[in-house]
Amino acid sequence: CCDHLKFFRQIRGDRNIVINAYPTYVGRSTVEIRTDLLQKFDDSKEDTLAASALFLMAARETDNFSKAFTLPKLLFNGENDIEKCVLR
């Protein structure tokens with residue numbers, strides 16, 4: 001499920017796009033994944049955030065898809081990881 005989609009700039013078709021994705025929340029059997037699209041604008045050397053999306057996914061058992069699979073907890077390695085989980 002795509003829960004949230006936000007565009008910050010117009011994405012250009014003639015430039016490369018960098019896609020970064022990482023989990024921002026893990027429940028018992030659901031996970032939220034944040035996906036950032038970055039692109040160079042105005043001939044700058046740095047990639048700029050062009051769009052961001054949140055995807056929700058449900059984990060299921062491999063032998064019985066009607067049963068939820070319990071996910072491990074999400075652990076943060078520091079303030080930088082926590083800041084990534086806040087939608088800009």
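This is a predicted model: local features need pLDDT of at least 70, side-chain atom pairs count only at pLDDT 80 or more; totals for chains, interfaces and linings use all residues.
Visitor: Which elements does the protein chain have, and in what order do they run from the N terminus?

Guide: Helices (H or I, at least four residues) and strands (E, at least two) are DSSP runs, numbered from the N terminus. The protein chain holds 1 helix and 4 strands. Read from the N terminus, the order is β-β-β-β-α.

Visitor: In what order do the strands lie in the sheet?

Guide: Two strands pair if DSSP finds at least two bridges between them. The sheet is open and its pairing antiparallel, with 4 strands in the order 1-4-3-2.

Visitor: Why is one side of strand 1 and of strand 2 left without a neighbour in the sheet?

Guide: Strand 1 (2-7) and strand 2 (18-26) each have a single partner strand, so one side of each is left without a neighbour; both stand at the edges.

Visitor: How many bridges link strand 3 and strand 4?

Guide: Thr30 has Ala58 of strand 4 as its bridge partner, and Ile33 stands opposite Phe55 in strand 4. Strand 3 covers residues 30-40 and strand 4 covers residues 47-58, and their antiparallel pairing runs over 11 bridges.

Visitor: Which residue in the turn between strand 3 and strand 4 has a positive phi?

Guide: These two strands form a hairpin with 6 residues between them. The positive phi, about 50°, belongs to Asp42.

Visitor: Is Glu46 buried or exposed?

Guide: Buried means under 20% relative accessible area, exposed over 50%, and partly exposed in between (1.4 Å probe, protein chains only). The relative accessibility of Glu46 is 61%, so Glu46 counts as exposed.

Visitor: How many of the 11 residues of strand 3 are buried?

Guide: Thr35 is found in strand 3 and counts as buried because its relative accessibility is 12%. Setting aside residues up to four places away in sequence, Thr35 touches Ile19, Asn20, Ala21, Ala51, Ser52, Ala53 and Phe55. Strand 3 is largely enclosed by the rest of the structure, because its buried residues number 8 of the 11.

Visitor: How many residues are in the hairpin link between strand 2 and strand 3?

Guide: Strand 2 and strand 3 pair in the antiparallel sense over 8 bridges. Val18 has Leu38 of strand 3 as its bridge partner, while Val26 stands opposite Val31. The hairpin joins the two strands through 3 residues.

Visitor: What is the relative accessibility of Ser29?

Guide: Ser29 lies in the loop between strand 2 and strand 3. Apart from neighbours within four places in sequence, Ser29 is in contact with Met57, Ala58, Ala59, Ala68, Phe69 and Leu71. Ser29 counts as buried, with a relative accessibility of 12%.

Visitor: How far apart in space are Val26 and Leu74?

Guide: Val26, in strand 2, has contacts with Val31, Leu71, Pro72 and Leu74, leaving aside neighbours within four places in sequence. Val26 and Leu74 are 48 residues apart in sequence, yet their C-alpha to C-alpha distance is 5.8 Å.

Visitor: Over the ring of which residue does the charged end of Arg9 sit?

Guide: A charge sits over a ring if NZ of Lys or CZ of Arg is within 6 Å of the ring centre and within 35 degrees of the ring normal. The charged end of Arg9 is 4.4 Å from the centre of such a ring, that of Phe41.

Visitor: What share of the 88 residues of the protein chain counts as buried?

Guide: Among contacts between residues at least 6 apart in sequence, 53% join residues at least 24 apart. Of the 88 residues, the buried share is 25%.

How values were computed. Residues are numbered from 1 along each chain as its sequence is written. Side-chain values use heavy atoms; hydrogens and water are left out. Contact means heavy atoms within 4.5 Å.
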